[in-house]
Amino acid sequence: MTTVDSRILADLAPTGVLRAAINYGNPVLAQRNVNGSPAGVSAKLARALAEELNVAVEFVTFDAAGKVFAALTDSIWDLAFLAIEPVRSAEIEFSHPYVIIEGTYLVRDASAYQTVAELDHLGARLAVGTGAAYDLYLSRTLTAAELVRAPTSAAAVEWFVEQGLDAAAGVRQPLEGFAIKNEGFRVLPDSFTEIRQAMAVPKGRTAGAEYVRAFLDQKIRSGFVADALRASGQEDVRVGPALNAQG
């Protein structure tokens, strides 16, 4: 059994266990097992990291990324899986991305919209999940459209449908899943951003952050991340590049 440096353990498991935040609001990264426990690529990475550290893993679950970030001040998690965003980087140490997904819009079939750029106009009302990566991105970049913030990404789709909004912003795969199951909706073919999903630890835990980066790099190179995505039905999702392949 390999001994892990005490500084790394102090950063990643200060209570003696690895407390990993899981966001069920992004079904590409997190799902539930039949027994209710976390499944998907994020949970598999957390379990593998805990095993490498020789500690138990304790999952802290959320239904929205914004809530994961907000809980940082409560010191209830040591590891999270969040999209890299400037506003978060002030308080979080990020790894390189392990998954890259697209942010796009769900619209009605009858809508005239064909590209994401067409939705940025005065009078357009776009549903988003509060604090999600695409909410943060659109808040910085939209020039005319209005964002209508729902508590979660799933609620954003519901609000779009129920309130007659122009579009719902979100991750491509779950939006496409909704459009397949519900007649009268489609997902735009282009995207407004690439969402870079990374492993994250609270700012200042430098030794832990460096360890996580090296751990993730090995998991990308070995095919672990790709295998975990495939096993959870997300084989069409792009795996992030290894460290020396960063552009």
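1. Basis. The model is predicted: local features need pLDDT of at least 70, side-chain atom pairs count only at pLDDT 80 or more, and totals for chains, interfaces and linings use all residues. Residues are numbered from 1 along each chain as its sequence is written, and side-chain values use heavy atoms, with hydrogens and water left out.

2. Domain 1 gives 18 residues to the contact and domain 2 gives 17. Contact here means heavy atoms within 4.5 Å.

3. Buried area. Between them, domain 1 and domain 2 bury about 1100 Å². Carbon and sulfur atoms carry 63% of that area. Buried area is the accessible area (1.4 Å probe) that two parts lose on being put together, summed over both.

4. Salt bridges. The whole structure has 13 (side-chain nitrogen of Lys or Arg within 4 Å of a carboxyl oxygen of Asp or Glu). E85 sits in the loop between β5 (80-83) and α4, and R140 in helix α5 (residues 133-141), so this pair ties together parts 55 residues apart in sequence. The E85 and R140 side chains form a salt bridge at 2.3 Å, N to O. Across the interface of domain 1 and domain 2, the rule finds 1 salt bridge.

5. Polar contacts. Between the domains, 2 residue pairs are in polar contact, both residues at pLDDT 80 or more. The term means a pair of N or O atoms within 3.5 Å; within protein, one must be able to donate a hydrogen and the other to accept it, and residues adjacent in sequence count only if both atoms are side-chain atoms.

6. Domain 1 face. On the side touching domain 2, α3 (65-70) and α4 (86-89) each supply at least two residues. Helices are DSSP runs (H or I, at least four residues), as are strands (E, at least two), numbered from the N terminus. This side divides into 9 nonpolar, 4 polar and 5 charged residues.

Methods: Nonpolar A, V, L, I, M, F, W, Y, C, P; charged D, E, K, R; others polar.
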